Amino acid sequence: MLVSPENFDTNEWFVTISIVVTYTFILLLPKRFPLSIAILMLLFSMAYAQVIDHILAGTKFDLYDINDVEKYEWFDFIAWFLYPPFGYAFVYFYDKWSVKGVGVFWYIVSWAIISLGVEVLSFKLHVFTYKGWKFSYSFPIYLVTLCIYLLFFLFLKGTFEKLKRTPIHSDSGADKW
């Protein structure tokens with residue numbers, strides 16, 4: 001059962017404000033993808049984060065806690081909604097800027113550095129309480145995560161383009177890329 005936060009303090013305010021700002025940001029971006037692709041990227045980003053958090057912060061490794069208490073609280077659940085806008089923005093700008101070649105490497109490294117900066121801020125604002133985790137562990141996790149996000153996006157984009165060219169779907173009114 002989800003418990004309420006002991007106090008509505010810095011970490012809850014940070015999560016709340018971050019959710020409002022990030023979702024407002026992605027909703028204000030010009031439409032770039034079909035709705036189906038956007039929804040799948042948002043869901044994938046959240047599901048992937050939940051799996052990684054469960055592995056690293058769960059009972060087996062227990063390397064960190066999210067928010068105030070070790071028990072699963074409402075803001076632990078709400079904090080998972082911070083990940084989807086990040087994954088969406090990552091692929092949005094990748095596609096918008098047509099990143100190619102060695103630029104993909106630098107794009108991923110840049111986003112990993114941004115991710116680490118957000119993590120440091122989150123740590124300072126008590127969203128994370130480390131019990132064995134170190135910031136140096138995060139960078140390679142971000143590199144792998146961003147590569148997986150990108151591969152999933154490229155798979156979705158390729159599949160969508162392939163289905164769009166299939167005669168059965170040509171008159172289906174499918175979203176245009």
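This is a predicted model: local features need pLDDT of at least 70, side-chain atom pairs count only at pLDDT 80 or more; totals for chains, interfaces and linings use all residues.
Apart from residues up to four places away in sequence, Ser45 touches Tyr83, Pro84, Gly87, Tyr88 and Tyr149. Pro84, Gly87 and Tyr88 are among the buried residues of H4.

Helix H4 was examined next. Eleven of its 14 residues are buried, and the helix is mostly covered. The buried residues are Pro84, Pro85, Gly87, Tyr88, Ala89, Phe90, Val91, Tyr92, Phe93, Tyr94 and Asp95. Their cover includes helix H1 (10–28), helix H2 (35–57), H5 and H6. The length of H4 was also checked. At 1.5 Å a residue, its 14 residues should span 20 Å. The C-alpha atoms at its ends are 20 Å apart, so the two values agree. Just after H4, Ser98 takes a positive phi of about 50°.

Aromatic rings were then considered. A pair of such rings is described by the distance of the centres and the angle of the planes. A search of the whole structure finds 31 aromatic pairs. One of them joins Phe86 and Trp111. Their ring centres are 5.2 Å apart, with 65° between the planes, and the pair is edge-to-face. Phe86 lies in helix H4 (residues 83–96), while Trp111 lies in helix H5 (residues 102–124). The pair therefore ties together parts that are 25 residues apart in sequence. Phe86 has a relative accessible area of 23% and is partly exposed. Trp111, at 12% relative accessibility, counts as buried.

A further pair is formed by Phe123 and Phe135. The ring centres lie 5.4 Å apart and the planes stand at 85°, so this pair is edge-to-face. Phe123 belongs to helix H5 and Phe135 to helix H6 (residues 135–165). The pair thus ties together parts that are twelve residues apart in sequence. Phe123 counts as partly exposed, at 30% relative accessibility. Phe135 is partly exposed too, at 27%.

Some aromatic residues also group into a cluster. Phe25, Phe33, Phe86, Tyr88, Phe90, Tyr92, Phe93, Tyr94, Trp97, Tyr107, Trp111 and Phe153 form one aromatic cluster.

Technical notes
Residues are numbered from 1 along each chain as its sequence is written. Side-chain values use heavy atoms; hydrogens and water are left out. Rings of Phe, Tyr and Trp (its six-membered ring) pair if their centres lie within 6.5 Å; planes under 30 degrees apart count as stacked, over 60 as edge-to-face and the rest as tilted. Helices (H or I, at least four residues) and strands (E, at least two) are DSSP runs, numbered from the N terminus. Buried means under 20% relative accessible area, exposed over 50%, partly exposed in between (1.4 Å probe, protein chains only). The expected span of a helix is 1.5 Å times one less than its number of residues. Contact means heavy atoms within 4.5 Å.
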